[in-house]
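Here is a short tour of a protein model, written to be read with the structure open beside you. Take a moment to turn the view around before reading on.

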Amino acid sequence: LQSNGCCIGPGFTEENREPEEETIIKIAGNSYLVSPNLPDFHSCSPGWSSAFYGAECFDSEVHSYMKTLGKQKSSESQNIDAKKVELEQLLMMETKNYRKTIKFYQKLLQKERRSKGPETKSMLPKLRGQLEEMKSKVQFLELVMKYIMYAEQWGVESCVLPTVIHNGRTDTMDVAPTDELSLLLYYNTEKHQCNNQNGVRVLQAGTPLGLMAYLYSRNAFLEGYVQQFLYTFRYFCTQEEFLQFLLDRISSTLSSASLDPSTSLTKICNRSFYILQAWIEDCYSVDFATNTDLLCTLKEFISTKVAPLNGYGERLLSLLEDASARKSGSAHQCSSMDKCEEEGEEDRKTLRSLCKKLSEDVSRKASLCIFFLQNFNWKLSKGMGPIAQYQRERLRTISSVLPKPCYNSFTEEFPVSFGKADEVGPYLLIDYSAQQLCCQLTLLQQEVFHKCHPVHFLNSRALGVKDKCVAVQKAVSTEAVSLKVCNLFLSKCIQDQYLLQLLRNADSISTWVAAEIVTCHTSKLQVSLLSKFLLLAKCCYEQRNFATAMQILAGLENLIVRQLPAWKILPAKVAEIMEELKAVEVFLKSDSLCLMEGERFKTLPTIPSAHVLAMHVQQLETGGFTMTNGAHKWTKLRNIAKVVSQVHAFQENPYTYTPDFKVQSYLRQRITRFKDADISALAADNCANFHQIPAEKHSRKIQDTLRRMKATFQ
């Protein structure tokens, strides 16, 4: 629960605090609301913390606080509704006070920057401490609210689980054994820390039907089972089978469910709605958005069967509309480059017309270059001088070995002409500091990372992801991936393949790093770029952007790049960074949860390496998923869910750097230009990539050879 919203990364100014605090307000104020149009419509998704911590998510402090709610006197009995009303009032009041304090802190911060008075400076640390305490209190009250919603309402005892199965359609009744022990297997543990019971039964395995029925258990939410199930159910049932299971329970209990919350039918009906809502909230993008038939089935059922009898139907339809709008909005939203696009709208040209213009006379190309530089205020590094004519002519030679650019992911939109980055070349990389480039590359990486879901990292072997430096072969398209042998999901289960896009983006950045280095026309420039990329990677991993750091490392470890003469004249302190990066790589590969240790991941933004995380999940997927009796190993599935839950944990805490759209545009263009380049072909066109033998030494060697040959004939 403890977090530090005011934490600043090393080397960055205090300006990053304000947007971060605004993000915290959104999390703290609306995390339990699905839509502002639906008052009192609470979110049912347990969240990543439930899957990661399990039963430890609700500690003894939550249990103790629960006992004090809803009772004005010690003699009064506890009432769920009274607890809920009191808690909602407390949460509303604390959230309101937290927002007011945030605004006051921001005003005080602006005043301190203008006047720099001693009184203001002394107040800021105290106010910051108050903000941390208030934030922790709001988060704690939200945790208690989740406990009330999940544990105290609509759960049934384990002995009632066979009733859950019987209240379905007749096609699920053909399973002969219907007692709990035939569907689920448990193992006993010692005394539990939270509820002080003498022993706790922990779910070990179950049949698909039994695992779905366990969602209705009273402890399912408390143990983290619901969130873990939503991450992993595709290993043993399809989305259609799971949806039909929920709809069957709603159909069989909706008409007969009474207002009395103590009856089993009412609990089964309401728990079905809660699970369905949690599924929509957490997995809409990976299950419903990619499967129109599944979405249509759900909408039709709600409209025809639920809405006429229960007001919850309208809420679910509104929730589906909101989720669909968010999905379509994120798919078609303009990237941050749009602002820069408006500035350079008149200068936009297609690649074909640009190539035609670049092939014109030198004077025309020089004037075009000057126009580009003046329009975007790009400056060359001091001491580098103007771009040499030789370098400009080499652009055509390099272009001849480059593939035609294919725009996708964060490189799909170009606000300016493709030639601008070509004319500037690598000089802009040298002109900016490693920290500035780190911020912009991190924001670009964050764009693609925040679109992924924990489910995307499951069953990656079926997508062709292997434990290689290059995770996805460039020649293999998404449609051509073979799903024959390695598919761990059920055959009819639809899998979103966004992970391939993540890995292709990573490969593009690695190739770009290598290409920028081998296309430098002098050894001096190569040393400058090698130093820049090493410092950039170091800055990235220090800011916990491990994805970009590992991508740069892969580019530097390219076989051709490692053989360059420039490494020998690289400063020793800079060269040592390479060993640091390799140590970081070993650390990331050592433990699947190494980035979740301690409290830093809660306070500092983090972007993991997608390929390393996929490899960890593949390691957990190794071995059988079923026992000899056919029951699925829930302990194995629970561990997988715990590892992938860190994706949502990291997405909760975004980076708040200020975007520089011109630098981002330049980086996007350079990455896209070299993304599919042949490094060996690029290197062969540049004499700086070869070890040069001095002319006198070379001539002396020839003379010595001729002298030895002459001696053999005498």
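## Helix H20

Let's begin with helix H20, which covers residues 434–449. Its 16 residues reach 22 Å from the first C-alpha to the last, close to the 22 Å expected at 1.5 Å a residue. Please keep in mind that this is a predicted model.

Is H20 mostly covered or mostly open? Mostly covered: of its 16 residues, 13 are buried.

## Where H9 meets H11

Now find helix H9, residues 225–232, and helix H11, residues 264–288. The two pack with their axes 11 Å apart, at an angle of about 50°. Because of that angle, H9 is oblique to H11. The crossing of the two helices is right-handed.

Which residues make the contact? From H9 come Gln227, Leu230 and Tyr231, while H11 brings Ala278, Trp279, Asp282 and Cys283. Sorted by class, the contact of H9 with H11 has five nonpolar residues, one polar and one charged.

An α-helix has 3.6 residues a turn, so residues three or four places apart point the same way.

## The chain as a whole

Stepping back, the protein chain holds 32 helices and three strands. It has 714 residues, and 51% of them count as buried.

How do the contacts relate to the sequence? Taking contacts between residues at least 6 apart in sequence, 79% join residues that are at least 24 apart.

Definitions and conventions
Residues are numbered from 1 along each chain as its sequence is written. This is a predicted model: local features need pLDDT of at least 70, side-chain atom pairs count only at pLDDT 80 or more; totals for chains, interfaces and linings use all residues. Side-chain values use heavy atoms; hydrogens and water are left out. Axes are lines fitted to C-alpha atoms, for helices over the stretch in contact, and angles run from 0 to 180 degrees between N-to-C directions. Helices (H or I, at least four residues) and strands (E, at least two) are DSSP runs, numbered from the N terminus. Angles under 35 degrees count as roughly parallel, over 145 as roughly antiparallel, 65 to 115 as roughly perpendicular and the rest as oblique. A crossing is left-handed if the near helix is turned anticlockwise from the far one by less than a right angle, and right-handed if clockwise. Contact means heavy atoms within 4.5 Å. Ala, Val, Leu, Ile, Met, Phe, Trp, Tyr, Cys and Pro count as nonpolar, Asp, Glu, Lys and Arg as charged, and the others, Gly among them, as polar. The expected span of a helix is 1.5 Å times one less than its number of residues. Buried means under 20% relative accessible area, exposed over 50%, partly exposed in between (1.4 Å probe, protein chains only).
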